[in-house]
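Me: I would like to learn how to read sheets and a chain contact. Please take me through an example.

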Amino acid sequence: MRASAILFSLAAKSLLNRRLTAGLTVLSVAVSVALLIGVDRVRTEARTSFTNTISGADLIVGARSGPVNLLLYSVFRIGDATNNIGWESYQEIRSRPEVAWTIPISLGDSHRGFRVMGTDDGYFAHYRFARGRALEFADGGVFMNVNDAVLGADVAESLGYAVGESIIVSHGIGDVSFENHDELPFKVTGILARTGTPVDRTVHVTLAGIEAIHSDWATTPRARESVVAAEAVEEELKPDAITACIVGLESRLMLFGLQRFINDYAAEPLMAIVPGVTLQQLWELLGAAEAALLVVSILVVAAGLVGMLTTLLTSLAERRREMAVLRSMGAGARLVFGLLLAEAVLLAAVAALSGVVVVHLAMLAARPLVLANFGFYLHAGLPGGFDLIVVAAVTGAAGLLATVPAWRAFRLSLADGLTVRT
Amino acid sequence: MATPDPPAFRLAQVEFAYGGGAPVVDIPELEVAQGERLFVEGPSGSGKSTLLCLVAGILTPTSGTVDVLGEPVSALGAAARDRLRAEKIGFVFQMFNLLPYLSLVDNVVLPCHFSRTRAAVALENSASLTDEADRLLDRLGLGGNALRGRRVTELSIGQQQRVAVARALIGRPPLVVADEPTSAMDATARLAFVELLLEECALAGSTVVFVSHDPSLATSFERAVSMAEINAAPQEGMADAR
């Protein structure tokens with residue numbers, strides 16, 4: 001106990017005395033550890049977040065393309081639809097006996113960088129996320145009129161909107177659009193509570209509203225009335241098509257029957273996917289890339305540790321005298337060995353722990369950016385099991401690698417004795 | 001009760017050669033009584049450093065025996081030799097005696113971390129190890145907070161050597177070995193340093209072995225030998241360098 005206490009106290013003081021080189025070594029190892037943990041963290045966060053985004057939906061229906069593509073654009077607002085579902089087809093699916101509820105999704109417009117989604121009341125009644133949680137309103141309520149809008153929490157927060165505000169929707173999904181639907185402004189009637197899903201970054205309007213801005217309805221006398229209930233103009237503003245729809249079934253037993261019916265639908269090429277199955281396909285698709293990233297970050301950690309090894313080895317030359325002084329006071333050559341080992345372990349442990357701290361702070365900082373660009377929410381939670389494993393592994397590997405300079409110091413101090421020969 | 005004190009150290013028929021080469025040290029007999037103050041004179045390459053390593057148990061003789069305070073160093077294992085060195089011997093080297101990353105006081109206290117006996121003896125004098133280090137530094141003319149707060153690398157050579165003496169003397173080891181401690185000093189400082197060292201060692205009751213190439217320092221010691229007298233191995237300029 002006593003010997004190891006001296007060992008670590010000497011090692012720590014010696015490292016502090018060389019704070020520049022020690023600091024740089026810590027920095028390089030810390031960065032590499034942060035990278036490794038970050039890659040893993042983003043990987044698992046992406047999975048849980050994607051999994052949490054949609055819950056309770058049995059099928060997602062869209063134009064026939066790739067299942068992953070359909071899932072990405074309909075639920076995660078990533079990428080664009082290649083084609084639409086005709087309104088008649090949607091009505092037919094909706095009226096099937098197996099179907100309990102549907103949520104229509106009509107995409108393609110935006111408001112200041114946030115996507116606009118046309119839908120109906122079914123969305124607020126049936127959409128579930130994070131294992132069955134329903135959408136809640138932080139302020140206001142569901143849209144009633146053609147030109148009403150309900151905002152996601154992020155939209156309201158980052159643009160500073162409140163209920164009652166008037167907003168203009170643009171065509172396309174760019175940040176800056178040259179085609180504004182300014183003939184029909186929308187009025188904010190509700191703001192949703194935060195969900196940690198792409199819902200937070202969506203502007204929800206009625207299907208009739210979407211249709212209205214794409215037609216010349218705004219110039220009709222009807223549009224000049226101050227309040228036009230969406231139901232009242234249902235026929236007038238009936239859309240030709242929607243982008244996709246989410247389907248809930250009466251019973252999950254009917255799932256494959258309905259899926260087959262939709263996939264074989266003759267009137268137009270449609271596709272129905274089971275969200276969980278398609279997510280699984282997505283993970284398989286990403287698996288190889290994830291593994292490659294993980295391998296690269298492990299190699300970066302290895303490079304960081306080799307850098308530390310180099311620093312320790314080069315420091316030996318100037319520290320032979322110090323070793324001889326310690327030997328003269330009765331320190332065994334084994335203590336000299338242990339001193340180098342202790343230094344490496346201290347460096348690596350400090351570096352790995354700072355790496356963990358850095359990565360969690362970085363994730364906290366990157367959260368809005370990741371949510372905006374990749375549609376998932378980073379939980380910068382408390383360090384988990386993987387973090388501990390990485391810290392232990394890096395420290396252990398450093399100790400193992402440090403046996404090289406430690407062994408060299410051991411041999412040198414045995415040969416040097418009390419006088420350093422050069 | 002009547003057993004006489006064992007000699008501070010004793011070498012008998014000691015030969016040492018590096019890696020099977022010609023012996024660099026061949027000392028038929030060298031005995032130093034406890035309390036004695038011995039001056040060993042010899043140019044570099046005369047085997048002085050090897051002699052000190054043999055006494056300190058850092059090297060073991062190729063043949064012959066080395067005893068330190070009655071213990072057969074040459075027959076002990078490496079760990080036991082390290083322990084003996086920690087308990088019994090204080091060292092002062094030519095230069096770079098101090099660990100640059102420790103404070104003055106921490107440098108002085110350091111031997112007590114390797115030896116329980118020296119720590120216990122130091123605590124007989126003072127309430128704590130740092131108090132004892134302070135006391136020794138004061139006695140060696142290194143009092144005052146201004147000096148105490150400095151980094152050891154900011155001290156002059158003479159000051160560094162006095163810190164080294166304090167470190168060698170903490171816990172009163174029975175044997176103090178000084179290896180060319182004055183070679184970096186000018187003549188007056190040299191003499192003053194030797195006097196101070198001898199005075200403090202006398203106070204601590206330690207035996208002193210002082211090795212130097214400078215025979216003019218011999219006058220301060222009660223006994224002086226030269227390597228040429230005691231070492232029968234052929235002496236060349238580079239004989240003890242490998």
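**Reading the sheets and the contact**

Reply: Seven bridges join strand β1 (residues 9–16) of chain B to β2(B), and the two run antiparallel. The model is predicted: local features need pLDDT of at least 70, side-chain atom pairs count only at pLDDT 80 or more, and totals for chains, interfaces and linings use all residues. Residues are numbered from 1 along each chain as its sequence is written, with chains lettered from A and ligands numbered from 1 in the order in which they are written.

Me: What makes a pair of strands?

Reply: Strands of a sheet pair through backbone hydrogen bonds, either parallel or antiparallel. Here, two strands pair if DSSP finds at least two bridges between them. Strands (E, at least two residues) and helices (H or I, at least four) are DSSP runs, numbered from the N terminus. One example: E15(B) stands opposite D26(B) in β2(B).

Me: In which order do the four strands of the open antiparallel sheet come?

Reply: The order is β2-β1-β4-β5 in chain B. β2 (25–32) and β5 (71–72) of chain B each have a single partner strand, so one side of each lacks a neighbour in the sheet.

Me: And the parallel pairing?

Reply: Five strands of chain B form an open parallel sheet, ordered β6-β7-β8-β3-β9. Its edges are β6 (89–92) and β9 (223–226) of chain B. In β8(B), F210(B) is the bridge partner of F39(B).

Me: How many residues does each chain bring to the contact?

Reply: Contact means C-beta atoms, placed from the backbone, within 7 Å. Chain B brings 26 residues and chain A 18. α2(B) gives the most to chain B's side, with six residues.

Key. Two residues are in contact if their C-beta atoms, placed from the backbone, lie within 7 Å.
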